[in-house]
Amino acid sequence: MSEDLKILDEVTNSEYKYGFVSNIESDNAPKGLDESTVRFISAKKNEPEWLLEWRLKAFRHWLTLEEPTWANVHYPKIDFQEIIYYSAPKKKPTLNSLDELDPEIKATFDKLGISLIEQQRLAGVAVDAVIDSVSVKTTFRETLGELGIIFCSFSEAVHDHPELIKKYLGSVVPHTDNFYAALNSAVFSDGSFCYIPKGVRCPMELSTYFRINSAGTGQFERTLIIAEEGSFVSYLEGCTAPMRDENQLHAAIVEIVSHTDATVKYSTVQNWYPGDKNGKGGIYNFVTKRGICMGDRAKISWTQVETGSAITWKYPSVILKGDYSVGEFYSVAVTNNMQQADTGTKMIHLGKKTKSIIISKGISCGKSQNSYRGLVRIGKKAEHARNFSQCDSLLIGDKCGAHTFPYIEVGNKTAKVEHEATTSKVGEDQIFYCNQRGISTEDAVNLIVNGYCKEVFNQLPMEFAVEAQKLLAISLEGSVG
Amino acid sequence: MLLIKNLQASVEGKQILNGLNLEVKPGEVHAIMGPNGSGKSTLASVLAGREEYEVEGGTVQFLGNDLLDMSPEDRARAGMFLAFQYPVEIPGVSNANFLKTAVNEVRKSKGLTAYDSKEFLQIMKEKMKLVEMDKAMTQRSVNEGFSGGEKKRNEIFQMAMLEPTLAILDETDSGLDIDALRIVSNGVNALRDGNRSFIVITHYQRLLDYIVPDFVHVLYKGRIVKSGTKELALELEEKGYDWIKEEVAVGA
């Protein structure tokens with residue numbers, strides 16, 4: 001191994017700093033999964049009959065499905081009977097005052113650097129925090145309420161806004177969509193719900209923070225965002241988990257509905273525990289995220305910075321149904337050590353003059369494998385649809401892999417689809433050039449990689465962009481080798 | 001300031017430098033010339049600490065320290081600057097950001113406080129004049145899409161910003177037209193302050209009309225075989241290197 005490569009190794013081999021476990025008493029479902037588990041969860045959440053039926057339908061469908069194996073990731077078969085499907089902090093937090101929040105939970109959020117109070121006061125970011133299966137706190141609700149914006153936990157929405165849930169639940173990601181979507185639909189525990197009324201521009205970033213805390217637990221949250229005609233919302237999602245030797249499953253669903261002239265921006269900084277250097281432990285992140293541009297000129301924009309998880313399997317997608325609607329996907333996926341990522345997007349063009357843009361930056365270091373998988377489909381009626389895709393891969397060191405699987409299906413002759421792909425290495429020349437200007441190798445790698453990701457970071461809200469850069473630096477620590 | 005004794009170095013198992021001796025004192029400008037393959041760029045790379053170059057023997061002292069024992073970044077922080085023959089592109093990193101990182105690293109190593117953005121912009125503005133550089137260039141990614149001339153000008157600009165004690169110019173004149181050559185040379189001359197030293201590596205006497213050296217050395221087969229003043233460069237321009245090769249052959 002050359003000196004530069006050795007340094008790369010050192011730079012990317014650092015520890016996960018969110019790996020603590022909080023000592024919160026929790027109320028768990030018995031291990032394993034059958035119809036009674038589904039009934040248990042539904043009962044715990046005091047759900048209406050129709051929702052239980054909906055879950056059971058999904059569960060029965062799930063039983064008929066096989067775990068998918070087409071992704072370019074490798075892991076031992078998951079024993080779905082070994083997982084706890086419901087875990088809730090025992091002390092039921094009241095939503096009236098932050099003072100009543102379990103001190104342990106509060107301490108957890110402080111450790112995560114998301115003091116809810118601080119956020120509320122300073123940043124003007126409304127936060128919904130989900131620990132294990134339950135949403136523990138939603139801030140800023142009153143301010144939002146004055147504008148008619150609903151931002152609450154999914155469970156509350158089921159009780160307070162059943163007509164909206166009934167109308168939209170599963171409308172973008174039906175339970176029949178895929179194996180994990182079916183599983184989630186059967187056992188989802190909580191998540192966030194967000195509704196922006198007609199013509200309202202949400203005045204602050206809405207944010208959900210997900211945390212898996214209990215051992216042996218799977219996390220199955222659902223997020224549903226509805227943007228009515230002419231509205232705008234920017235939504236942020238962050239996630240962390242303790243360091244544990246066993247693998248934990250996270251199978252979430254995010255559904256977005258963007259009506260005529262509405263815009264939804266969804267940003268994720270995903271930092272689930274990636275496992276140790278030898279690939280022990282870590283989160284299996286099998287997520288289905290999809291939005292639909294229902295009306296004309298609707299827009300959905302996904303931005304993701306993926307640095308965590310042992311395995312990531314995730315394709316935030318947009319169905320461009322309305323004419324002139326726009327779908328965007330900006331992604332930075334970093335894999336280090338033994339991590340595996342198979343991520344990308346699907347842009348389904350149905351309406352006329354629909355436009356999509358895909359910018360994907362994959363960065364592989366250590367012994368990791370990083371795949372981009374994307375589909376661009378132009379439907380028969382999508383006159384003059386346009387897509388531009390750019391998929392770049394950056395390799396750091398000589399033991400990692402980068403793969404690109406683009407799928408393009410064009411059903412209309414007037415469409416214009418462009419795909420560009422590059423693969424490059426962080427060059428020893430680049431590092432030496434920086435060294436010669438007095439910049440250390442570790443800083444040089446950071447500088448080079450940040451430059452490489454610039455187009456994507458530019459899409460993130462400011463505070464998140466800073467966060468993402470820091471996270472990138474941590475993920476890359478020990479990568480130069 | 002720089003004292004090279006009996007330096008021997010190889011790259012990919014091939015010996016390139018065979019006992020090179022050179023002393024550079026503060027404020028001096030040394031030109032190094034020589035036929036292709038004589039080891040000129042190898043010398044520059046070894047001094048800057050490029051990893052592929054293996055030092056087989058000899059010593060190099062820089063400001064009283066053992067240079068060969070220092071990492072490339074420590075050499076840079078100590079005041080050694082290499083203007084690259086082929087400057088490297090760093091996409092997405094603006095020239096300004098790159099330089100700010102570099103300048104503040106160097107300042108940190110000297111126990112100085114980092115410049116804030118405002119101070120830095122001010123200094124950048126002054127130094128840009130030296131190489132007649134457009135402000136837009138500072139916002140462009142490092143060397144990305146720069147013409148050959150722009151890259152070389154950018155090297156001199158970086159040198160002006162980093163204010164080194166010793167600057168090594170590795171064939172900075174190659175690929176430059178007359179105007180660019182004048183601009184680059186003016187920039188270098190403006191940085192000659194009686195203390196700062198230069199090692200100017202070049203193939204062509206032409207550059208030395210602009211940057212007038214105190215000494216000219218001929219490098220051949222990895223050794224300095226002849227030293228003189230700027231007149232030696234003119235003689236080489238006229239007669240080529242064959243007579244020197246013959247002298248070396250006779251001497252051996």
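Predicted model: local features only at pLDDT ≥ 70, side-chain atom pairs only at ≥ 80, totals over all residues.
Q: OK, over to chain B. What's the strand order in the open sheet of six strands?
A: The order is 6-9-10-3-11-12, and the pairing is mixed.

Q: Which strands sit at the edges?
A: Strand 6 (80-83) and strand 12 (223-228) of chain B, each pairing on one side only. On average, neighbouring strands of this sheet are turned by 20 degrees against each other, ignoring direction.

Q: Do strands 9 and 10 of chain B pair in the parallel or antiparallel sense?
A: Parallel, over five bridges between residues 166-170 and residues 197-201 of chain B. B:Leu169, for one, has B:Val200 in strand 10 as its bridge partner.

Q: What does helix 9 of chain B lie across?
A: Helix 9 (residues 230-239) lies across strands 3, 11 and 12 of chain B, at about 45 degrees to strand 11.

Q: Switching to helices 3 and 6 of chain B: at what angle do they pack?
A: About 35 degrees, with the axes 10 Å apart. The crossing of these two helices is right-handed.

Q: Which residues of helix 3 make that contact?
A: B:Asn95, B:Leu99, B:Ala102, B:Val103 and B:Val106; helix 6 of chain B brings B:Asn154, B:Gln158, B:Met161 and B:Leu162. The contact residues divide into six nonpolar, three polar and no charged.

Key
Residues numbered from 1 in each chain as written. Chains lettered and ligands numbered in written order. Pairing = 2+ DSSP bridges. Helix = DSSP H or I, 4+ residues; strand = E, 2+ residues; numbered from the N terminus. Axes fitted to C-alpha atoms, helices over the stretch in contact; angles between N-to-C directions. Contact = placed C-beta atoms within 7 Å. Left-handed = near helix turned anticlockwise from the far one by under 90°. Nonpolar A, V, L, I, M, F, W, Y, C, P; charged D, E, K, R; others polar.
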